[in-house]
Amino acid sequence: MTRADLHVHSTASDGTDPPARVMQRAGQAGLDVVALTDHDTVAGHAEARAALPAGLTLLPGMELSARLNDRSVHLLAYLFDPDQPDLAAELARIRDDRVIRARAMVDKLIALGVDTSWDQVAAIAGQSVVGRPHIARAMVAAGAIAEPSQAFTADWIADNGRAYEDRYALEPVRAIGLVRAAGGVTVLAHPRSGGEYTVSDTEITGLAEAGLAGVEVNHPDHSQAERAELSALAQRLNLVATGGSDDHGSLTGYRIGGELAPDGAFEALVARVPSKNL
Ligand code: AMP
Ligand code: ZN
Ligand code: FE
Ligand code: FE
């Protein structure tokens, strides 16, 4: 079988390892295929490709920020042309708004007495697409919390927490269309990971009608029962059932290869790509 982990982050967004190190770890985990899926950017692909160990295939991807019925929806996109102008413009807008929003969250944290600053968050993020995990790490450095995961509560920067700020995101139907127009395919990420990221069967059915290619079934946040339900739904809707570890380096305990796509999923996904930009 093809050992494929189709959901992995690097320092191009909010992971803690550079793309080259992520590829090295993917090889050590015995993977045949790894998808690099940083939030709203493809900036890590070149470094990843240059560092690929023998026998490992890179599936170029991205995790796109969308919003449906006032909740965050993450869409994994693969094998699209990142230079397609409409898609590139939306990605730039999403990234620009991430900076504005992160600065607003830092202001709220400072007003709540956290001894941090935008400079501190910017230093942690470096060239990365900024996200809440960078702010969480700054809160640890400031002594407000002991671990980054403690930032994701109603007291701090969980959705609608005291220091939370919304940001620009795409409507999923538009996102699916943009990726498709750029020659790629989209997969709904972690629809049962709970809280803000939960997507109902009815909503998934709507996305399937809009051209969604697959749904992430194997994900660390999904229970066995949720996986079984999602597999059945995928089959009913003719979606590819996929999977991945959602590794973020030290933030998630270096779990690359800890979740794999079901056998045949990688091949089925590639078969649905209008362009084959592999
Ligand atoms: P953002 O894209 O800036 O809104 O931040 C969302 C990211 O924060 C997710 O992709 C995860 O990497 C991380 N995240 C979300 N919820 C949690 C949580 N409960 N604990 C740790 N990290 C989280
Ligand atoms: Zn993330
Ligand atoms: Fe996600
Ligand atoms: Fe992710």
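**Largest pocket.** I began with the largest pocket and found a volume of about 750 Å³. A pocket here is an open set of points on a 1 Å grid over the protein atoms alone, with protein on both sides within 12 Å along at least five of seven lines, and lining residues have an atom within 4 Å of a point. Grid points are joined across faces, edges and corners, and a volume is the space filled by probe spheres set on the points. I counted 28 lining residues, of which Asp14, Pro133, Phe152, Tyr197 and His248 lie nearest the centre of the pocket. Strand 4, helix 3 and helix 5 are the elements that give two or more residues to this lining. Helices (H or I, at least four residues) and strands (E, at least two) are DSSP runs, numbered from the N terminus.

**Ground rules.** I noted that this is a predicted model, where local features need pLDDT of at least 70, side-chain atom pairs count only at pLDDT 80 or more, and totals for chains, interfaces and linings use all residues. Residues are numbered from 1 along each chain as its sequence is written, chains are lettered from A and ligands numbered from 1 in the order in which they are written, and side-chain values use heavy atoms, with hydrogens and water left out.

**Iron site.** Which residues coordinate the iron ion (ligand 3)? I found Glu63 (OE), His74 (ND1) and His190 (NE2), at 2.0 to 2.2 Å. Donors are N, O and S atoms within 2.8 Å of the metal (3.2 Å for Na, K and Ca); water is not among the atoms, so sites may look incomplete. Along the chain, the donors of the iron ion follow the spacing E-x10-H-x115-H. His74 sits in strand 4 (residues 71-78) and His190 in the loop between strand 5 (185-188) and helix 7 (201-209), so the pair ties together parts that are 116 residues apart in sequence. Both His74 and His190 are buried, where buried means under 20% relative accessible area, exposed over 50%, and partly exposed in between (1.4 Å probe, protein chains only). I also looked up the zinc ion (ligand 2), which is 5.6 Å from the iron ion (ligand 3).

**Helix 5.** Next I checked helix 5 (residues 132-141): 7 of its 10 residues are buried, so this helix is largely enclosed by the rest of the structure. Among the buried ones are Pro133, His134 and Met139. Helix 3 (85-111) and helix 4 (118-125) are included in what covers them, with contact meaning heavy atoms within 4.5 Å. Just after helix 5, Gly143 takes a positive phi of about 80°.

**Two loop residues.** Asp70 has a positive phi of about 70° although it is not a glycine, and I found Asp70 in the loop between strand 3 (57-68) and strand 4. Leu79, also not a glycine, has a positive phi of about 55° and belongs to the loop between strand 4 and helix 3. Is each one buried or exposed? Asp70 is exposed, with a relative accessible area of 70%, whereas Leu79 is buried, at 2%.

**Strand 1.** My last entry is strand 1 (residues 4-8), where 5 of 5 residues are buried. Strand 1 runs parallel to strand 2 (residues 33-36), and 3 bridges join them; two strands pair if DSSP finds at least two bridges between them. Ala4 stands opposite Val33 in strand 2.

Key:
On a 1 Å grid over the protein atoms alone, a cavity is a set of points where a 1.4 Å probe fits but cannot get out, and a pocket is an open set with protein on both sides within 12 Å along at least five of seven lines; lining residues have an atom within 4 Å of a point.
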